[in-house]
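The points are numbered and may be read separately.

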Amino acid sequence: MIRFENVGKDFKKHRVLDGVSLEVALGERIALIGSNGAGKTTLIRCLLGEYTHQGTVTIAGHSPRDERTRVLGKVGFVPQLPPPLKMPVGQLVKFAAAVCRSDAECIRAVARRLGLAVDEILARPFNRLSGGMKQKLLIAIALGRDTQLLVLDEPAANLDPEARHIFFGLLAERLDNTTMIISSHRLDEVASLVNRVVEMDTGRIVLDDRVAEESKLSALFEVHLTLSRADAAIAKTLGTWQFVDRRDGVEWHGSVSGPDRLRFLGMVSRYVGLLSRIEMQEVDSRVVLQ
Amino acid sequence: MKALLLTARLDIVESLRARWFLIYSLVFGGIVALLFAFGLTESRVLGFIGLSRLLVTYIQLTMAILPVFVLITTVRSVAGDREAGVFEYLLSLPVSLAAWFWGKILGRYVTIFLPVFAAMLAAVLWSLFKSIDVPWAMFFYYTGLLASMAWCFLGIGMLISTLARGTDVAQGAAFMVWLSMLLFLDLILLGVMIQGRVVPEVAVGIALLNPLQVFRTAALAMFDPQLIVLGPSAYVILDLFGNGGYRLYALLYPLAIGSLCALLGYLTFRRSDLP
């Protein structure tokens, strides 16, 4: 599906990619991790045909630079930082649908599933939307068409827990026929989404490993937490996860998406001194979300 | 072709919401409004009266403002979009580089030419309404001149935007280009001629290569066919081109400069990093 062969990139005298070789098969979901300056963004831009480089990059045997329209028509991309576009949302959706030869209604449908009512914000400039709304719209543009490769740069960073769960569900629907490259600074943010981890450092691949898949992307867990005492800090954090206070700030209840478990437990570990009981149980997500 | 038109439309929509476009439109609309307010159509100067007097003044003012406006806003928005990640996202969509680049130029051309033309057209419509004589030949030629001037500086602006990576560098380069052309209008040309360092033909040759001077002379030629105000240089120009020939040259030469710069910009854009 994707082949990087000895890909190198220099910015003036600074070597940003240093002979990267990597093969990715159809259906693989890769976490591309590494610190700032590791070369993740540069590698993604080479993959999207946006940077000139040494070596070769091909997607399904075609060069994304030389055969842009053919290759990028099958690639969905969600950037980490939304572009500061002034155009109205409706114009952006129309443009994306037209150049991708897809249906604007499909994009709107995905956005609706993520909780974004596009029809109500069609005339609103894109740069005036909230961070979460921008992210949902960009995800909808990437997923609202027939893609074989999804390139996602910290895609769920600005989403609320419910939208994250729906987003993971949307990805789960495409597992069999879509390759995914998910870039992140931290593995715990994306570990449960992927089945392969590629770590970069100073322009080289320093780790390429498989991840055991134990849980479905669409899995949902009901969580009960009991604290030894009420605490304002954890109450505020649990509020952002849309947890409900069941007894004086001591008993908390909520649901966590399967791929978000590690992230949730990482958050809870900060308050481990307050924790007296935690219970997680996988449930039927269709029932809970209704 | 469809992608080109879509990109052009996208750029127009984006520009219409930009602050520069508002200021740009206000400046040219304001100039015409002020010229009417100051009663320029009723005044008589050097034999010019009515709308011809207004058009002559308008074209002179436009020639001073439009090039720097087009250069700075083009390089600012193109280089700024690249820095802000707009290119990274929009060029991840399946648009060919040719459709993107030429669509962007087309969209931008519409947004920079229309306000200038609309202001002039508004002046003509107002004159018709007020029963003031409209010098149609002058109006059409000046429209052509403005179209040519806008294309010329848009092409130069796009070339600078593709060569300079950062907004600051692009803006500085655009300003230097404009300043150089401005200085070669009179100051440096006159200076070197007075000092006798170059033969007059060379100085006139430089003037004929400078798009700003070409516009200026062509605008003068509309109401001063013998180019008396230019002095002895007029002989060289009129001997070389004739009055009609020079007016045609003033339309075609800047178009060629703009097209050449745009083409060089496109070839550079195709071979370089996009975001």
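1. Is the crossing of α3(B) and α7(B) left-handed or right-handed? In this predicted model, the two helices cross in the right-handed sense. Helix α3(B) covers residues 51-84 and helix α7(B) covers residues 167-183. Their axes come within 9 Å and cross at roughly 165 degrees, which makes α3(B) roughly antiparallel to α7(B).

2. The crossing of α6(B) with α12(B) is left-handed.

3. Buried positions in α12(B) include Y246(B), R247(B), A250(B) and P254(B). Further along α12(B), G258(B), C261(B), A262(B), G265(B), Y266(B) and F269(B) are also buried.

4. In chain A, an open sheet of four strands has the order β11-β12-β10-β13, and its pairing is antiparallel. Which strands stand at the edges? They are β11(A), residues 244-247, and β13(A), residues 275-283; each has a single partner strand, so one side of each lacks a neighbour in the sheet. Neighbouring strands of this sheet are turned by 25 degrees against each other on average, direction ignored.

5. The pairing of β11(A) with β12(A), residues 251-257, can be stated in detail. Three bridges join these antiparallel strands. Among the positions concerned, V244(A) has H253(A) of β12(A) as its bridge partner.

6. Chain A also has an open sheet of three strands, in the order β2-β1-β4 and with antiparallel pairing. Here β2(A), residues 14-24, and β4(A), residues 54-59, are the edge strands; each has a single partner strand, so one side of each is left without a neighbour in the sheet. On average, and with direction ignored, neighbouring strands of this sheet are turned by 20 degrees against each other. β1(A), residues 2-11, runs antiparallel to β2(A) and is joined to β2(A) by seven bridges. Within this region, F4(A) stands opposite L22(A) of β2(A).

7. How are β5(A) and β6(A) paired, in the parallel or the antiparallel sense? The pairing is parallel and extends over four bridges, with β6(A) covering residues 149-153. One of the bridge pairs is V78(A) with L152(A) of β6(A). Strand β5(A), residues 75-78, is covered on both faces: V75(A) and F77(A) are buried on one side, and G76(A) and V78(A) are buried on the other.

8. A last point concerns K94(A), which lies in helix α3(A), residues 89-99. K94(A) counts as partly exposed because 19 C-beta neighbours lie inside 10 Å, whereas a buried residue has 20 or more. K94(A) and A104(A) are ten residues apart in sequence, and their C-alpha atoms are 6.0 Å apart in space.

How values were computed: Residues are numbered from 1 along each chain as its sequence is written. Chains are lettered from A and ligands numbered from 1 in the order in which they are written. This is a predicted model: local features need pLDDT of at least 70, side-chain atom pairs count only at pLDDT 80 or more; totals for chains, interfaces and linings use all residues. Two strands pair if DSSP finds at least two bridges between them. Axes are lines fitted to C-alpha atoms, for helices over the stretch in contact, and angles run from 0 to 180 degrees between N-to-C directions. A residue is buried if 20 or more other C-beta atoms lie within 10 Å of its own, exposed if 12 or fewer, and partly exposed in between; C-beta atoms are placed from the backbone. A crossing is left-handed if the near helix is turned anticlockwise from the far one by less than a right angle, and right-handed if clockwise. Angles under 35 degrees count as roughly parallel, over 145 as roughly antiparallel, 65 to 115 as roughly perpendicular and the rest as oblique.
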